[in-house]
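Good morning, and thank you for making time for this presentation. I would ask you to keep the sequence and the structure in view while I speak.

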Amino acid sequence: MTDALLQIENAVVRHGPVTAVDNVSIELRAGELVALIGPNGAGKSSLLNAIAGTIPLAKGGIRFSGRSVAGLRAWQRARLGIGLCPEGRRVFAGLSVRENLVAGTSGAAIALEPRIAEIFSLFPALAEHATRPAWQLSGGQQQMLAVGRALMRDPRLLLLDEPTLGLAPAVIEEVLAAARRAASGPRAVLLADQSAATASLKADRIYILRGGRIIASGAGGTLPDAALGQVLFAG
Amino acid sequence: MSGTLSSRALAILGLLALAAWPLVFSSAYDLRVFGLAGVYAILVLGYQFIFGHAGALALTQGMFFGLAAYITAILGAKVGWPATVTLPLSILGPVLVAAFVAIPVLRLDTHYFALATLGIAQIALLIAIKWEDLTGGSNGLPGVPGLVLFGMAVPNGLPLVAVIWGAVAVCALLAWQIMRGLYGGAFQVMRTNLLIAGAIGIDSAKLRYAAFLLSAAYAGLAGALHAHMLRVVSPEVLEFNVMVACLSMAVVGGRTRVAGAILGALVLVHLPEWLRGFESYYLVVYGAVLLGMIIAAPEGVAGMLPVSVRKDLAGGDAARKGLHASAPSDGPVLALHGISKRFGGIQALRDVTFSVQPGEIVGLIGPNGSGKTTLLNVISGLYPADAGQIHFSGEAIGTCRPYELARRGLARSFQVASLVDELTAVDNVAAAFAGRVDRASPAATALTSRPLTVARAEALRLLEELGIAGHAWERAGTLPHGIRRRLEIARALALDPRLVLLDEPAAGLDTAEMHDLSARLRSLAQQGRALLIVEHNMPFLLPLAHRIVCLDRGSVIAEGIPEAIRLDPAVRAAYLGVDKLS
Amino acid sequence: MLTLQLLVNGLALGAAYALCALGFVLIVNATGAVNFAQGDMVMVGGLFAVVLSSFLPVPGLVLLPLVLLLTAALGLAFSAIAYFPLRSRPPVSVFISTIAVGIMLQNAATAGVGPEPRTGPPLLTGGSIRVGDVFLSTQSVAIIVVAAVLFMAQHVLFNRTRLGIALRATAQDRAMAEALGIRVNAMIALTFALATALAGGAGLLLANVFFVTPTEGGNYMLKAYIAATIGGWGSLAGAVAGALLIALFEVVFPSLPLLWTGLDGAPSWLFSQTSATVILYLALLAILAIRPQGLFGEAAQRRA
């Protein structure tokens with residue numbers, strides 16, 4: 001198990017008095033797509049943000065490539081190879097599509113142009129709008145921009161927080177297919193989603209979260225809808 | 001109790017020290033500096049209303065001060081009116097100007113408000129310099145008559161200083177009385193969160209306006225006394241330095257506490273004297289001390305003094321007064337018809353129609369982003385719907401402001417923590433009475449303690465009802481999460497609501513707390529109150545609600561009893577994303 | 001002829017105001033806070049020019065890089081004492097801390113070099129240049145050219161370089177920028193350095209035509225504040241346009257009776273510097289009352 005890319009051990013995240021993530025342990029290996037499924041408030045976002053370092057961990061530990069990331073700030077973790085695509089996309093609205101991609105490479109020794117070309121080939125719609133400010137893009141395009149931006153540093157771990165929210169079914173397919181493609185070679189993807197069906201079909205493994213705890217887990221596609229419904233509605 | 005004693009002892013010691021000051025340092029110069037500190041103390045006491053309590057960075061306080069000084073000088077020296085006439089006029093002048101400029105200015109956001117008030121102050125300064133016939137220009141107006149009180153002249157020196165500090169005492173007492181009463185808590189809620197102030201029936205615009213006028217009145221008194229003390233008025237009184245000094249004193253002393261204004265004025269007026277050793281650099285050190293204070297003591301010097309928890313309550317029957325039972329009505333409490341709302345390109349709500357009956361618990365569910373919170377915001381008046389009608393107890397409420405709805409009996413809890421951490425549990429609830437009790441006589445509510453003690457007694461009864469009376473005198477910030485959620489419900493009940501909107505009330509609660517919450521919500525419904533609950537936790541909501549409305553992408557996709565909703569294919573599809581496959 | 005001269009003088013003053021306002025808006029965008037010391041930075045830049053030229057009797061243009069460096073360093077120190085300790089507090093705390101820094105700068109200047117007005121070196125030489133049959137002040141033309149170069153440099157930095165894009169990203173969404181690997185604290189400190197250097201540059205540009213006095217900062221700060229407001233809060237181009245408008249008005253308005261003889265009979269107080277300033281403030285109040293989002297709309301809001 002030492003080859004795990006990401007090891008989360010007994011993680012606890014608190015927002016003031018509320019415990020958002022309660023003693024969660026998860027492991028990811030390179031090439032895996034793992035989905036966290038659960039209703040709003042289940043703690044998915046908090047867990048992803050704690051991995052990215054944008055919120056602190058109250059207890060437990062996170063190891064990335066065998067090294068503890070405790071005490072590292074978010075920008076240091078990004079430079080280690082953790083890419084975050086946050087809930088609500090958070091694209092830089094006043095920056096152009098190209099600039100959004102460039103912004104994330106601050107301090108990285110990468111060849112900018114080939115990397116941007118790579119992202120554009122992954123999401124051709126972005127290439128068409130390269131010079132437009134991001135706020136003019138549609139929701140789906142903004143989502144692709146957010147994913148593309150997180151991929152600019154070629155991270156080994158990609159964190160996708162609710163990437164399908166508010167998108168049309170065809171676009172959801174496209175985003176999830178991109179996530180699936182991204183989880184290959186040395187890279188792993190950890191994806192959080194409310195809706196179970198699509199994500200679970202694409203994922204290698206899924207974890208069901210509720211109230212900050214993992215209440216079920218299994219291989220992707222193994223949990224039928226009925227079981228998930230049971231989990232979400234009745235506990 | 002020991003907190004009360006020690007703070008009282010401190011206050012008495014402080015007053016004694018103040019009284020002894022002129023006797024110890026009795027040179028004419030020392031007295032003058034001490035008198036100046038008193039003038040500034042009054043100015044800062046006034047400034048605390050708008051800057052401290054209302055939380056608005058007004059930069060007009062120096063202008064009000066200078067205006068009053070000029071009114072005193074012009075009417076006294078040029079027209080020759082006595083101080084008994086000019087003093088009230090000097091207070092009235094700034095108040096009138098404040099009442100006038102507040103109309104366009106007071107609704108502006110922080111940075112615009114600061115700039116607008118600064119602009120007004122600059123205009124006043126330019127007028128004072130350039131309108132030489134009236135103001136004497138840069139040379140100013142000499143020959144301001146001395147102060148006359150009750151037919152007796154007050155000579156400069158110790159008598160005038162005594163009068164000034166007497167005025168400080170009166171002003172301080174007045175400010176203290178207003179802020180220890182029911183409005184003190186209301187100001188604190190408004191400063192913490194405007195949305196929540198509106199949701200508990202506090203008319204923030206009116207409070208801000210009142211605070212602005214009070215600030216101007218205090219500045220007027222300070223300016224007049226300053227003119228009487230110096231006997232000459234020059235444009236210096238209108239310069240930005242006066243404003244900076246006032247602001248610095250409020251920051252260094254403390255923005256909201258009476259002791260802060262007095263300490264701030266005393267310290268900063270004397271600081272240049274104490275820093276004489278730095279010679280020409282003493283003002284640099286002054287700036288550095290100010291900066292250091294902002295960083296090290298955000299609450300100012302007064303913030304380091306202990307705060308006592310006051311527990312005065314009205315006893316007996318008084319507690320029941322002012323409580324009106326919800327009038328039972330026949331029709332639905334809330335009726336939504338065709339509500340639509342767009343934000344830019346997103347249709348947040350589309351033709352939403354449903355109603356809530358008295359005594360009914362309705363659950364509002366839907367995936368993230370389906371429009372639930374938007375709907376709560378539209379119902380509670382935070383933003384208007386683009387189309388459709390809302391009826392509350394049979395009346396159309398499309399254009400009501402949130403505080404008006406709250407006063408009519410529409411209560412709401414928020415997802416985010418919405419309590420004022422510095423206030424005790426009981427005062428958090430009592431603040432919600434401010435909007436209800438003051439309509440008859442705002443002045444009496446401000447100047448007497450009784451409305452607060454009545455509100456507290458009533459609040460305590462509500463805390464008992466929710467089983468948290470044991471925490472009544474603890475500060476809300478120290479309470480555990482489960483207690484805080486109940487406290488929020490107690491505060492909502494202070495509005496005696498016909499309808500309570502609850503946004504994720506079960507978030508962060510453990511199983512036992514959820515059971516307790518369910519039971520309490522049920523008993524509210526049994527009292528005839530209607531509940532509309534947004535909640536993701538189905539095991540909590542489904543057994544509790546009489547009826548469920550499910551939203552998806554802004555539209556109602558299902559409505560019915562919980563068991564039917566649980567099995568509804570459209571709901572399952574929305575939650576599980578099955579439709580997204582097709 | 002007179003019109004052209006006035007226009008050039010107005011543009012020169014406006015260019016300096018605009019540099020100051022540009023820095024003001026950069027800090028507003030990066031931190032959400034109003035920098036009350038921005039005008040004092042203009043004064044400090046001017047004083048640096050005065051003091052440096054007493055050691056190095058060279059044209060102001062030669063001193064410009066040195067003044068920019070010195071004021072940039074001052075900006076770093078400024079952010080370290082007045083912004084970073086307060087960054088998790090509400091913006092009004094920073095507002096007040098910058099007032100405190102302003103007090104320190106003004107009084108350090110007074111104590112260091114005395115309260116009397118001083119003159120800095122001309123940018124190139126004194127005198128005037130002839131365009132057709134019109135004589136224009138060399139100094140004014142040089143100010144416009146140098147300011148234009150500084151604007152261009154700022155524009156290229158912010159739009160054409162990775163660093164500049166990271167600066168803008170930080171201003172738009174600090175937490176997101178940090179999650180992408182941007183060192184946001186360094187970016188903010190750098191923004192303060194740039195903002196202060198722009199003000200310092202403006203100080204050097206103005207030091208010859210106008211006197212440098214320790215207490216003049218408030219005036220420049222107000223002009224920057226007003227320019228940022230009428231230009232649309234948060235908009236760089238708007239602030240520059242606003243600053244130019246203000247300065248042109250200030251220069252042209254008192255000279256209206258000279259330009260148009262029909263106004264000869266007007267009372268002297270009407271077309272004065274003072275009434276120009278009063279009208280400016282009244283216009284500002286009217287704009288705030290009617291269009292609280294500024295003349296050109298609020299750029300800061302669109303980011304939300």
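I shall go through the chains, their contacts, the sheets and the nonpolar core in turn.

Please note at the outset that this is a predicted model. Every value I quote has been computed from it.

Let me begin with chain A. Nine helices and ten strands make up its secondary structure. How does its radius of gyration stand against the globule rule? The rule gives 18 Å for 235 residues, and chain A has 17 Å, so chain A is as compact as a globular protein of that length. Along the principal axes, its C-alpha atoms fill a box of roughly 50 × 40 × 35 Å. Of the 235 residues in chain A, 53% are buried. Among contacts with a separation of 6 or more in chain A, 67% are between residues 24 or more positions apart.

I turn now to the sheet in chain A. Six strands form an open sheet with mixed pairing, and their order is 6-7-8-3-9-10. Which strands stand at the edges? They are strand 6 (82–85) and strand 10 (213–219) of chain A; each has a single partner strand, and therefore one side of each is left without a neighbour in the sheet. On average, and with direction ignored, neighbouring strands of this sheet are turned by 15° against each other.

Within that order, strand 3 (residues 33–37) and strand 9 (residues 205–210) of chain A run parallel and are joined by four bridges. As a point of reference on the display, A:Val34 stands opposite A:Arg205 in strand 9 of chain A.

Helix 1 (residues 44–52) of chain A lies across strand 3, strand 6, strand 7 (157–161), strand 8 (188–193) and strand 9 of chain A. Its direction is at about 150° to strand 7 of chain A. Helix 6 (residues 139–151) of chain A also packs on the sheet, where it touches strand 6 and strand 7 of chain A. The angle between the directions of helix 6 and strand 6 of chain A is about 170°.

Next, chain C. Here there are 13 helices and two strands. A compact globule of 304 residues would have a radius of gyration near 19 Å, and the 19 Å of chain C agrees with that. The C-alpha trace of chain C spans about 65 × 50 × 40 Å along its principal axes. Buried residues account for 55% of the 304 residues in chain C. Of the contacts in chain C with a separation of 6 or more, 75% come from residues 24 or more positions apart.

Strand 3 of chain B runs antiparallel to strand 4 (residues 346–356) of chain B, and seven bridges join them. In this pairing B:Ala335 stands opposite B:Ser355. Strand 3 of chain B also pairs with strand 6 (residues 387–392) of chain B, in the antiparallel sense over five bridges. There, B:His337 stands opposite B:Gln389.

I finish with the nonpolar core. The largest such core has 384 residues, and those with the most contacts inside it are C:Ala16, C:Cys20 and C:Ala21. Helix 1 (residues 2–31) of chain C gives this core its largest share, 17 residues. Leaving aside residues up to four places away in sequence, C:Ala21 touches C:Ala224, C:Ala227, C:Ala228, C:Ala239, C:Val240, C:Gly242 and C:Ala243.

Thank you; I am glad to take questions.

Terms used: Residues are numbered from 1 along each chain as its sequence is written. Chains are lettered from A and ligands numbered from 1 in the order in which they are written. This is a predicted model: local features need pLDDT of at least 70, side-chain atom pairs count only at pLDDT 80 or more; totals for chains, interfaces and linings use all residues. The radius of gyration is taken over C-alpha atoms; the globule rule is 2.2 Å times the number of residues to the power 0.38. A residue is buried if 20 or more other C-beta atoms lie within 10 Å of its own, exposed if 12 or fewer, and partly exposed in between; C-beta atoms are placed from the backbone. Two residues are in contact if their C-beta atoms, placed from the backbone, lie within 7 Å. Two strands pair if DSSP finds at least two bridges between them. Axes are lines fitted to C-alpha atoms, for helices over the stretch in contact, and angles run from 0 to 180 degrees between N-to-C directions. A nonpolar core is a set of buried Ala, Val, Leu, Ile, Met, Phe, Trp, Tyr and Cys residues joined through C-beta atoms within 7 Å.
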